[in-house]
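Please read it alongside the sequence and coordinates.

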Amino acid sequence: MPGDYTDRSMQKQGAKHPPPRVRAGIAGGCGRSEGAKGDSAGRGCRRDVHVPRSPRCLAGRGRPAHRGGTVSGAIWFPGVALAFTLRAVQAEERSDPPTFPARTPPPTRACIPQRLGLKCLLQKRDTFPQEHAMFKCAFLGCGPRARGHARAYKAVQRGQIAAICDLDEKRLNDFGAEFGIATRYRDAHEMLEREKPDLLHIVTVPGLRVPTMTIAVEHKVPVAIVEKPIALQGEDWRALKALGEAGPTRFAVNTQLHFHARNLELKRDVAEGRIGEVRFIDVSARSTPLDQGVHVLELAHSYNGFAPFTSVFGQVGGVEDLASRQPAPSMAAASFRFANAVSAMMVCGLCAPLATAQESRYHHKRISVYGTRGFLQWTMWTWERQTRDGGYERGEHHYGVEDDLAQARLTEACFDWLEDPAKPHPCCLERSLEQFNAILGLYTSALRSRPIELPCDPPDGLLEALKTRLTL
Ligand SMILES: NC(=O)c1ccc[n+]([C@@H]2O[C@H](COP(=O)([O-])OP(=O)(O)OC[C@H]3O[C@@H](n4cnc5c(N)ncnc54)[C@H](O)[C@@H]3O)[C@@H](O)[C@H]2O)c1
């Protein structure tokens, strides 16, 4: 089947041997019975992947199939790869949320980016007679957080880091050496002019959102992932709104908790009515509303099917973080209402509950959702679920491992958006600005001591006004 196979995990690594997580065998899954059982050595395909009528697993461990897409794989012999493709009639990927578009199957023709009029990296393999495309990705900012974005490329299937940029030469070179990226720039304009990436990761502090995102727009970068928080106060919020509406760059905001596998599963439970009608959402985090409130508010919004915010009533306290590079009140408590009559409570800062056994204030992000027939809770290290059908269940997960996988899903969702504009990114700029408007409404509510209708037109100078109020 010439032109009909793609195992990008192998192409990406330029490997003549299968990547560590794929043994010789099919990549995609076995028939349901084999998938459920695996082989006697426990190497069977994932229990949560079902590809009816696919061939028996030869010896290996399946990798996730795309829902209803093409299942591809290869058997490796010394110097030769035997590749094949099957149509998946009905594959189920547990981590796909039901409320979002199904994942795009891998491209079955060469060079999807080129067909979209984008630049791409063409990869030639000795063992594969054809050319395959990868989206070309670049980084603006090589600080600590950018490492999380780069690590995710171990799991990203359709993109490759082609170039990086940082003003700081040492950071640039350390990062390049760590992730094996030789194409390095100190000037973002020069990088974008020469490299013309399909995807740009903007991983800088929030005070630099407007200038760095403007650079992406000036160079017509097709899609950019920009770190959270998206803004600081009303002035930059308005500038970013105008920037996003003007185009041509599409922005996704890096609230990657959205894509944690357990969150996707629990969101599906809510969407399928497994806890009945949602009545109340309770979110908390022990860092500031700006640093971590934006993460848990995104969860409240997405668990609630992105129903519009209608009002907020809140209080803030603590000046310690107002002078930091992420200036914000250290604590906040607020009640939000949504258009579907659901209400949510958010508590941030050291007044928030201890949600896990971890000592760091950064490890207590949490969401609980209460319905008429049960409840769900996700924390960074645990989850719980009470449903009428399933009773009470609980479990644990490793935040770091899950976070890199979530980061990869967030990145892949950008490629879905590039391939099909009708599949907007779940964390697109428009939504993130809607959530941030609710935070600005919370600040305004605290200053005016009354509820604020949302969306609001935030006043200028909010941080200065909060500083004055909180230091009185
Ligand atoms: N999503 C998450 O879970 C998560 C976790 C941690 C941090 N973050 C966020 O990540 C962001 C970045 O954090 P960080 O600690 O990596 O920041 P940082 O300031 O340490 O690193 C940013 C890097 O960008 C570079 N830079 C800035 N402007 C540039 C320009 N014009 N051209 C080239 N390089 C430029 C700086 O030199 C710096 O090395 C923050 O907004 C933070 O809130 C998110």
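**Notes on backbone geometry and the ligand site**

1. Pro455 is placed in the loop that runs between β18 (452–453) and α13 (462–470). The peptide bond joining Leu454 to Pro455 is cis, with omega at about -5°. The model is a predicted one, and this assignment should be read accordingly.

2. A cis peptide bond also links Gly247 and Pro248, where omega is about 5°. Pro248 belongs to the loop between α8 (234–246) and β9 (250–253).

3. Ala341 deserves a separate remark: its phi is positive, about 75°, although the residue is not a glycine. Ala341 is found in the loop connecting β12 (331–338) and β13 (343–348).

4. Turning to the ligand, the space that the ligand takes is the largest pocket. The shell around the ligand draws at least three residues from domain 2 (120–256) and at least three from domain 3 (257–398 + 425–470).

5. There are 23 residues around the ligand, and those that come nearest are Asp166, Arg171, Gln256, Arg325 and Gln326. By class, the shell comprises nine nonpolar, seven polar and seven charged residues.

6. A backbone N or O atom of Arg145 is 3.0 Å from a ligand oxygen, and a polar backbone atom of Thr204 lies 3.3 Å from an oxygen atom of the ligand. From Glu227, a polar side-chain atom is 3.1 Å from a ligand nitrogen. The ligand taken alone exposes 860 Å², of which the protein buries 83%.

Note on methods
Residues are numbered from 1 along each chain as its sequence is written. This is a predicted model: local features need pLDDT of at least 70, side-chain atom pairs count only at pLDDT 80 or more; totals for chains, interfaces and linings use all residues. Side-chain values use heavy atoms; hydrogens and water are left out. A residue is near a molecule or strand if one of its heavy atoms lies within 4 Å of it. A polar contact is a pair of N or O atoms within 3.5 Å; within protein, one must be able to donate a hydrogen and the other to accept it, and residues adjacent in sequence count only if both atoms are side-chain atoms. Accessible areas come from the Shrake-Rupley method with a 1.4 Å probe; for residues, only the protein chains shown count as cover. On a 1 Å grid over the protein atoms alone, a cavity is a set of points where a 1.4 Å probe fits but cannot get out, and a pocket is an open set with protein on both sides within 12 Å along at least five of seven lines; lining residues have an atom within 4 Å of a point. A molecule sits in a cavity or pocket if more than half of its atoms lie within 2 Å of its grid points. Ala, Val, Leu, Ile, Met, Phe, Trp, Tyr, Cys and Pro count as nonpolar, Asp, Glu, Lys and Arg as charged, and the others, Gly among them, as polar. Domain bounds come from an automatic or database domain assignment. Helices (H or I, at least four residues) and strands (E, at least two) are DSSP runs, numbered from the N terminus.
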